[in-house]
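Thanks for coming. Please have the sequence and the structure open.

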Amino acid sequence: EPTPPAPNSQSFFTKPAARTEQRNLSALTLAELSGALKTQPGEESMAAGTVKEVILKVNNTPATSSALLNVLVPGTGLESMLESGATNFIYYDAKGAWPGYVFKLKSGTNPAAAQTSTAKIEQSTSLAALYLASPGTASTGGFKNGSAGAIKTRYLSFVSGASFNYGWVNNYLVISTSFDGFKKAVELLP
């Protein structure tokens, strides 16, 4: 008997990504996540400047925002402030593939409290592990203020030229291992 497909998790993107794929992990760890996000053998390559949405399942159950945050940026306390779903994406450019994640603020949550918790992302010591290939050492200057159009961002540069970015876009928290990927994800949001 073939198993019926699990219902798709709801994407936060209102414009479609260039492609959407599902990955099933046996456990949600950084190593498993990285392996699942890398281009799989036989997969067609993605054009530079495009985004692939990846629906992450853990043992056939959609990965929750809490579980993802606990692996990506543990200790922020954001888990209780965000809706349970998450939108995971990979941005492609000439230099490679860059994962990113979109989380949505629960309605009724105080955005100021969420901002305070979000700043704790900067205390994470494992941000380089979110990259599919090592970005090298982080810049000694630490996080800096940036912007993508009218959106305020915070970013951390790495010696390789990569930068880790996060910012709130209305009620969406976008975390990306690439600034161009951050901007592209924002274009797909409502």
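This is a predicted model: local features need pLDDT of at least 70, side-chain atom pairs count only at pLDDT 80 or more; totals for chains, interfaces and linings use all residues.

In α1, the buried residues are Leu 33, Ser 34, Ala 36 and Leu 37. Looking down the axis of α1, these residues fall within an arc of 165°, so they line one face of the helix.

Next, α2. Its buried residues are Ser 65, Leu 68, Leu 69, Val 71 and Leu 72. Seen down the axis of α2, they too lie within an arc of 165°, so they line one face of that helix. The buried residues of α2 pack against α1, β2, β4 and β5.

Now the core. The largest nonpolar core has 57 residues. Which residues have the most contacts inside it? They are Leu 33, Leu 68, Phe 103 and Phe 164. Leu 33 is one of the buried residues of α1, and Leu 68 is one of those of α2. If we leave aside neighbours within four places in sequence, Leu 68 touches Leu 28, Leu 33, Leu 56, Ala 63, Ala 86, Asn 88, Tyr 101 and Phe 103.

On to the empty space. Rolling a probe the size of a water molecule over the atoms shows where empty space is left. How many cavities of 30 Å³ or more does the structure hold? There are two. The largest cavity contains about 50 Å³ of space. Its lining consists of Leu 30, Leu 33, Ser 34, Leu 37, Leu 72, Pro 99, Tyr 101, Ala 129, Leu 130, Tyr 131 and Leu 132. Two elements give two or more residues to that lining, namely α1 (30–37) and β5 (96–104). The most comes from α1, with four residues. By type, the lining of the largest cavity has 10 nonpolar residues, one polar and no charged.

The largest pocket has a volume of about 310 Å³. It is lined by 18 residues, and the closest to its centre are Asp 93, Lys 95, Trp 98, Ala 162 and Thr 177. Here the elements that give two or more residues are β5 and α4 (179–188). The largest share, three residues, comes from β5. The lining of the largest pocket divides into eight nonpolar, seven polar and three charged residues.

Ser 178 sits in the loop between β9 (172–176) and α4. Is Ser 178 buried or exposed? Its relative accessibility is 6%, so Ser 178 counts as buried. Apart from neighbours within four places in sequence, Ser 178 is in contact with Tyr 91, Trp 98, Ser 163 and Asn 165.

With neighbours within four places in sequence left out, Met 81 is in contact with Lys 104, Leu 105, Lys 106, Thr 109, Ala 113, Ala 114 and Ser 117. The C-alpha atoms of Met 81 and Lys 152 are separated by 20 Å, and the two residues are 71 residues apart along the chain.

Note on methods. Residues are numbered from 1 along each chain as its sequence is written. Side-chain values use heavy atoms; hydrogens and water are left out. On a 1 Å grid over the protein atoms alone, a cavity is a set of points where a 1.4 Å probe fits but cannot get out, and a pocket is an open set with protein on both sides within 12 Å along at least five of seven lines; lining residues have an atom within 4 Å of a point. Grid points are joined across faces, edges and corners, and a volume is the space filled by probe spheres set on the points. Ala, Val, Leu, Ile, Met, Phe, Trp, Tyr, Cys and Pro count as nonpolar, Asp, Glu, Lys and Arg as charged, and the others, Gly among them, as polar. A nonpolar core is a set of buried Ala, Val, Leu, Ile, Met, Phe, Trp, Tyr and Cys residues joined through side-chain atoms within 4.5 Å. Buried means under 20% relative accessible area, exposed over 50%, partly exposed in between (1.4 Å probe, protein chains only). Contact means heavy atoms within 4.5 Å. The arc is that of the directions from the helix axis to the C-beta atoms.
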